[in-house]
Amino acid sequence: MTPLDRAEAAVRLSGTDPRLALAEARAVLDLTGRPGPADAYGEAVSVALRAAALAARELGDLELAGERLEEAIAAGHGFPRRVAQARMSLVTVRAQLGDPEGGLRLADLAERDLVGTDLARLGVQRSVALILLGRHEEAVRHCDRAVGLLDDDPRFRAGGLLNRGLAHAYLERYGEAEADLAECARVARSAGLDHVAMLAEGNLPFVSARRGDVAAAFRRYRAAEATLFGYPERLAAMRTDFAEALVAARLPGEARTLLEQAVPELVAAGAQAAVPGARLLLAQAALLAGDATLAETTARTALAELDAQGRTAWLPLAREVVLRARLARTTATASPAGPGAREGLPGLVTELITCADDLATCGWPGASAALRLTAAAAAVRLGVITRARAQLDLVAAGATRPLVRWHAAAMRHRLDGDLDRALAAAARGIEAVHDAGTRDHGTAGDTALDATGGTAGDTARDAELRVHAARPAEDLAELGREIALDRAGRTGDARTVLEWAERCRAVVRGATAPVFRTPGAPPAGAGILVELVRRGDDLFAVTAGPQGCALRALGSYQAAVEATVRIRYGLRRRNLRDTPGDADAPRGAAGDAVAHELSALDRVLLSGPGTLTRAGSPPGGRVTVVPTGALCTLPWPLLPSLRGRPVSVAADAAGWLAPRPGPAGAPLVLSVAGPGLDHAAAEADMVAAAHARARRVGATRAEVLRALELADVLHVAAHGMFTPRGPMLSRITLDDGPLMAYDLLTAQRIPRLVVLSACDAGMAHAPVDGAALGLAGAFLDRAAHSGVAGCVVAGVVPVRDDEALALMTIFHTLLAEGRSPAEALARASEKTAVPGFVCFGAGDAPFGTG
């Protein structure tokens with residue numbers, strides 16, 4: 001075999017066994033002694049250097065790959081085809097090192113001396129740079145031409161399918177994206193290109209999450225993470241792609257966790273092109289999570305990196321995050337009426353408008369319209385009404401989405417003082433989302449809510465619609481809620497405030513949710529509804545019951561949140577017995593402090609015990625509480641006004657408006673005992689003995705997921721852990737590992753009642769009202785999707801193993817007698833004095849007796 005033959009074999013080997021290819025390339029170079037380009041071995045040297053570069057690229061060393069390809073170009077002087085092939089390989093490396101424009105210039109040079117299948121291969125390489133530059137349609141066209149010509153080259157055919165799949169995903173053609181990635185994995189595996197197959201599979205979580213199927217995204221991510229172990233740069237790229245989709249799906253905490261791993265790995269790998277995009281995503285996730293300082297500093301770094309790489313189309317996206325972070329810090333440090341609220345705003349409004357212009361110029365019309373609405377709101381805050389109107393006129397004239405145009409119209413009517421027309425416009429915008437969700441998504445249209453491939457089923461399309469409609473629809477619903485509060489200040493109309501508060505929650509649940517309407521009177525036996533609403537730091541309560549609907553201003557939301565934190569801290573000390581002194585001490589001084597905090601917060605939120613009676617609730621009557629924000633973590637049943645009452649804490653008022661009966665006959669009750677708890681087995685056995693149709697099942701993940709499909713009631717006694725920064729990563733410890741909150745998203749059925757006798761299992765993070773993320777929230781969300789009015793009994797503080805057994809013994813005795821979960825929990829809590837458990841969801845329906 002000649003040196004040239006060996007070098008060409010090393011090139012082919014670089015895709016399947018890069019380490020062996022590198023050894024072969026080095027052997028050729030040692031044999032030829034690296035002669036100059038005029039030497040007879042010059043062609044072999046150029047090819048061997050290219051093989052070494054390709055192997056280095058597969059092993060994650062982009063810098064070394066770039067150096068070897070430059071050497072290959074120099075060594076190939078006199079062999080134009082070999083120089084062109086080295087330039088072709090350098091296109092991708094140069095792009096991934098942060099110079100995609102330079103990569104395209106190399107492609108133009110290489111094209112002169114390439115023919116046939118080499119030109120098709122060049123098209124695949126060129127598509128990498130085009131994707132990085134946001135020119136996705138061009139990338140698809142190049143890959144279309146290449147894939148059909150590369151049947152005899154599985155490596156480049158797989159690469160073309162991979163790149164085309166990614167371009168389709170960015171173009172929101174998710175059916176085509178998944179088809180290309182699946183075919184890429186098939187072609188690559190059959191050719192022994194396992195790492196390419198892993199790349200394709202590693203991008204499936206990204207596609208799933210972008211289309212709204214977060215459950216499939218987490219499942220695919222977990223599988224891809226295992227297969228990409230040992231390829232840190234590619235694992236980091238996969239994490240970045242997945243994080244982008246999680247940001248779109250309103251899971252910034254989970255996205256931030258992934259990106260904080262991915263960014264350093266990309267920097268270490270020298271993946272210059274991927275670093276600023278990952279950093280910008282981290283900034284967006286931080287902003288959504290409320291960390292404006294981190295968002296601004298991270299976005300500034302990404303802005304500088306993008307500018308250095310000449311990626312001008314992305315610069316306004318980074319500037320937008322910087323400006324939104326500055327605006328968030330400005331509004332957070334001053335009250336709306338105070339002088340601090342105006343400080344720095346004039347210049348910031350100008351910058352917001354300029355950035356909106358730049359976004360439009362660079363091809364981001366949706367982001368431009370959204371930022372103009374933000375600039376208009378800031379101008380109103382500043383009192384520059386003329387400037388606000390100018391931005392709203394631009395949105396009304398130029399926005400393609402009906403929802404965005406109606407948003408602008410609502411803001412203009414509000415400026416005119418016509419609050420009724422403003423509310424009507426906001427309602428039309430929400431209805432436009434509903435209309436878009438109910439028509440055929442298979443054709444392109446005016447709303448940016450259209451289909452993305454046409455091959456997915458209705459469920460996936462609906463989920464996709466929710467993701468892409470959710471954020472602007474949420475913004476419009478929140479505007480409607482604010483206008484309703486303004487109007488109530490003039491008219492006292494609490495019912496309209498409640499309707500818009502429920503609209504906000506409905507939009508979060510799904511953009512195609514029907515519009516909420518409050519009845520003239522609540523259903524018989526529904527009890528009292530207390531729904532909390534906030535506007536900035538102002539907290540309000542809407543109370544509805546037999547005596548009508550009333551709105552009360554409660555004061556500071558942040559003060560109520562801080563009181564909630566103090567209450568949970570005091571209960572934590574009490575339950576974990578970590579106060580000084582003997583075992584009775586937690587019930588002494590610490591208990592008195594908690595009681596004082598509860599009484600004070602009760603006076604703020606419910607105006608004392610007499611309020612519910614005046615609203616038409618008899619002593620001991622049912623109460624449904626719909627909290628806002630972090631108040632979903634308050635142990636509501638402990639408030640003096642609610643103590644001893646059946647209390648259900650719900651994500652919305654739907655269950656109060658239309659209560660559903662519990663299951664007829666004796667329910668099937670299944671119990672689980674997790675590892676590491678002294679009393680878990682006794683508790684699970686007690687549950688099985690308390691009901692007529694009951695048994696204990698195994699505590700593996702598969703057995704628990706199977707129990708979800710069978711049970712009417714599932715009781716889990718196990719260790720629990722809440723993850724504040726990534727609530728969908730919260731978990732219950734089972735025999736073979738954790739059951740994650742995101743695992744529940746794949747369940748086809750959820751029991752009507754789930755009892756989580758586990759620490760912190762009821763804790764949640766609510767980025768927006770209607771989306772309480774965590775274990776309890778995941779159970780309730782899946783129950784709602786399967787048409788079940790679900791209920792979860794769980795603690796919002798750590799609970800002692802022995803006390804959980806005592807409380808749950810009485811709870812299940814009462815449940816078996818036919819009490820509702822809310823009533824059974826209220827009585828059990830009173831009898832045992834064990835605090836911290838809450839009944840979430842539809843807690844008022846009694847279960848069949850046994």
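Reply: Helices H7 and H8 are roughly antiparallel to each other, because an angle over 145 degrees counts as such and theirs is about 165°. This is a predicted model, and what follows should be read with that in mind. H7 covers residues 117-132 and H8 covers residues 136-147, and their axes lie 8 Å apart. The crossing of H7 past H8 is left-handed.

The residues that form this contact can be listed from each side. H7 contributes Ala 120, Gly 123, Val 124, Arg 126, Ser 127, Leu 130 and Ile 131. On the H8 side, the partners are His 136, Glu 138, Ala 139, His 142, Cys 143 and Ala 146. Sorted by class, the contact of H7 with H8 holds seven nonpolar, four polar and two charged residues.

H5 runs over residues 80-96 and H6 over residues 100-111; they pack at about 165°, with 8 Å between their axes. H5 and H6 are therefore roughly antiparallel to each other, and their crossing is left-handed. From H5, the residues in the contact are Ala 84, Arg 87, Met 88, Leu 90, Val 91, Arg 94 and Ala 95. These meet Pro 100, Gly 102, Gly 103, Leu 106, Ala 107, Leu 109 and Ala 110 of H6. The contact of H5 with H6 divides into ten nonpolar, two polar and two charged residues.

Arg 372 sits in helix H19, which spans residues 365-382. Arg 372 counts as buried because its relative accessible area is 10%, and the cut-off for buried is under 20%. Leaving out residues up to four places away in sequence, Arg 372 touches Ile 353, Ala 356, Asp 357, Gln 391, Leu 394 and Val 395.

Leu 59 lies in the loop between helix H3 (42-58) and helix H4 (62-75). With a relative accessible area of 36%, Leu 59 is partly exposed. Beyond its neighbours within four places in sequence, Leu 59 is in contact with Pro 18 and Arg 19. Leu 59 and Arg 234 are 175 residues apart in sequence, while their C-alpha atoms are 9.9 Å apart in space.

Two further loop residues deserve a check of the backbone. Most residues other than glycine have a negative phi. Glu 172 has a positive phi, near 65°, and is placed in the loop between helix H9 (154-170) and helix H10 (174-190). Glu 172 is partly exposed, at a relative accessible area of 27%. Ala 833 also has a positive phi, near 60°, and is found in the loop between helix H33 (821-832) and strand E16 (837-841). Ala 833 is partly exposed too, at 43% relative accessible area.

Last comes the confidence of the prediction. The average pLDDT of the chain is 84, and 87% of the residues score at least 70. Residues 335-341 stay under 50, and the model gives this stretch eight contacts beyond four places in sequence. Residues 580-586 are also below 50, with nine contacts beyond near neighbours in sequence. Where pLDDT is low, the predicted coordinates should not be read in detail.

Notes
Residues numbered from 1 in each chain as written. Predicted model: local features only at pLDDT ≥ 70, side-chain atom pairs only at ≥ 80, totals over all residues. Heavy atoms only, no water. Helix = DSSP H or I, 4+ residues; strand = E, 2+ residues; numbered from the N terminus. Buried < 20%, exposed > 50% of the residue type's maximum accessible area, 1.4 Å probe, protein only. Contact = heavy atoms within 4.5 Å. pLDDT = per-residue confidence, 0-100. Axes fitted to C-alpha atoms, helices over the stretch in contact; angles between N-to-C directions. Parallel < 35°, antiparallel > 145°, perpendicular 65-115°, else oblique. Left-handed = near helix turned anticlockwise from the far one by under 90°. Nonpolar A, V, L, I, M, F, W, Y, C, P; charged D, E, K, R; others polar.
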